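I opened my notebook to look up a sheet, the helices on it and some ring contacts. Here are my entries.

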Amino acid sequence: MDIVTASGCLLGICVGGLVFAAYKLGLLYQLFHKVKRKSPRHGGESVAEVLRAHGVKFVFTLVGGHISPILVACEKLGIQVVDTRHEATAVFAADAVARLSGTVGVAAVTAGPGLTNTVTAVKNAQMAESPLLLIGGAAATLLQGRGALQDIDQMSLFKPLCKFCASVRTVREIVPTVRKALAMAQSGTPGPVFIEFPIDTLYPYHLVEKEFAPKNTPKGLMGNIIAWYLHNHLTNLFAGAWEPRDVSPLPVHIPQASDEEVQKCVELVSRAKKPVILLGSQATLPPTPAEDVRKALEALGIPCFLGGMSRGMLGKDSPLHIRQNRRDALKEADLVLLAGTVCDFRLSYGRVLNRRSKIIAVNRDRNQLLKNSDMFWKPTVAIQGDAGSFLLHLSKGLKGHRCPEDWPRSLKEGDFTKEKANRAKAEEKTERHLNPLSVLHRVDELMAEDSIIVADGGDFVGSGAYILKPRGPLRWLDPGAFGTLGVGGGFALGAKLCRPESEVWIIYGDGSLGYSVAEFDTFTRHKTPVIALVGNDACWSQISREQVPILGSNVACGLAFTDYHIVADGYGGKGYLIGRDDESRLDDIIGEAQRECRAGSAVLLNVLIGKTNFREGSISV
């Protein structure tokens, strides 16, 4: 290589390096996009505009200075800002809105501890496959990693939990980043997404400029370099910030079963004599309305076991909804359709499935679709696609065909036998206080037909899952596969805001109540009256039931018969203490609580309950 060629290469490298540096510093962008230094606008307005364009009606928050511009802008655009008493509650409420509304739920919290407080709730949303946007504040772009207030590496925390994570670096990035995040949350398998907003991307230019003004800058060349760098960083931060941008929703990709896959399943189902459908939460996801899924299931005539958000899909007393003896039914079935249901611990990792059965599995997520199929079960047909849409196509393909009626009838007879035994157990007297099964039966008979049931607890809630009957689709909310305690306050808040005309019941254990009882203050302030039924046995009973006989100690399982009704009163609600002496008046007290709720008060029924052996053998690990 001669000197001229070498010099040319060196020059090219230098020029390329300068161009790259100019690009990274935003100098090239600034040549064509100017800064409106007099503009009073701020980045929070851009966030709010995108949220409104996507149909977001609520933003849940616990306020912090890092995110104030977003909250103020949302309020101005008519998005209701609902502040809670814990950041986890804000995320749980957004989760509930996502499940019930078909839109993305949105929570906004401040930097550092505000975000770390949401980790459990975000993980719960990930495992429940809820489309959720978490907005987090952050230290200023130039101060990250320099010891600023509440500055931590937030991205590393949320990358394992979220489908998409982004840290906004300039104001012009806000609109495209939020649009992308909202589309990602709903595409494929829905889930949470996270956007970090450094504080200097959210406040107006004139305020950020004051913070950038150098104080005691070194003189000379170094001082000039620092001053230039700060000025350029500020200019790049706001360059092109207020140029018109498209805020409309991006396309959402949802996997669908192919015509060939559907036809193969039509042929399998048409030959089955004893088919069973196990319906999971995915069957309630958009784009297929839950009511259309219900009609498809009724047309098929196949007996169904409903789990998660699909509880209530067939109404309160459908002849196709089988609630009891699932293990026996699966042993006898010659075809099992797993429609959004996963072979995890809830199906004994697939071991409850009969190896001679034909198995059709439909799931948006490939990992969930085939979970444990290498060990305990094998799908005859595995379809990565939307369960709700698949059921509609299957029903159309089987038009005129129905499952032999003696099969669902025989399973339903088993239901009646088991539920009769449960009724008899509810009539038994406990050693002290009220029989929890009796209480749950009375609530089930008296709750309104439009009720939404929120499940938050262990033993008492586990009993409730057998006894309480959701009245229709999307009228049952539980945490999902993560088994998280503490969802009650947030889920109920989101549910009441989505369905203000509905009666919302939280079924609490006395242990789980402790996580969100403070949200009675939120119910009062935001006029979202709900009814909380607390099964108070002064114990973490689901753990104690196994710990005591196996290990011989009740350590850490004991609680007290605390006056939770007084706590509700203190937060502006209405509390009732219900014991054995009130048994004859139980219906009247429940009716009074319903009237109080309709009048605008959040109500807590602190029901003292005794012990039963109803759930012996249930799992807690």
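Which strands does helix H12 lie across? I found that helix H12 (residues 259–271) lies across S9, S10 and S11. H12 runs at about 140° to S11. Contact here means heavy atoms within 4.5 Å. Axes are lines fitted to C-alpha atoms, for helices over the stretch in contact, and angles run from 0 to 180 degrees between N-to-C directions. Helices (H or I, at least four residues) and strands (E, at least two) are DSSP runs, numbered from the N terminus.

I noted the ground rules next. This is a predicted model, where local features need pLDDT of at least 70, side-chain atom pairs count only at pLDDT 80 or more, and totals for chains, interfaces and linings use all residues. Residues are numbered from 1 along each chain as its sequence is written, and side-chain values use heavy atoms, with hydrogens and water left out.

**Entry: the sheet.** I looked up the strand order. The sheet is open, has five strands and reads S8-S7-S9-S10-S11, with parallel pairing. Strands pair if DSSP finds at least two bridges between them. At the edges I found S8 (304–306) and S11 (381–384), each pairing on one side only. From one strand to the next, the twist averages 10°. I then checked S9 (residues 335–339) and S10 (residues 358–363), which pair in the parallel sense over five bridges. Valine 336 stands opposite isoleucine 359 in S10.

**Entry: another helix.** Helix H16 (residues 387–397) lies across S7 (275–279), S9, S10 and S11. Its angle to S9 is about 135°.

**Entry: aromatic pairs.** How many aromatic pairs does the structure hold? I noted six. Rings of Phe, Tyr and Trp (its six-membered ring) pair if their centres lie within 6.5 Å; planes under 30 degrees apart count as stacked, over 60 as edge-to-face and the rest as tilted. One of the pairs is tyrosine 205 with phenylalanine 238, edge-to-face at 5.2 Å centre to centre and 75° between the planes. Tyrosine 205 is in helix H10 (residues 205–212) and phenylalanine 238 in helix H11 (residues 220–238), 33 residues apart. Both residues are buried (under 20% relative accessible area; exposed is over 50%, partly exposed in between, with a 1.4 Å probe and protein chains only).

**Entry: charges over rings.** I counted a charge as over a ring if NZ of Lys or CZ of Arg is within 6 Å of the ring centre and within 35 degrees of the ring normal. Arginine 311 lies over the face of tryptophan 476, 4.8 Å from the ring centre. Arginine 351 has its charged end over the ring of phenylalanine 376, 5.0 Å from the centre.
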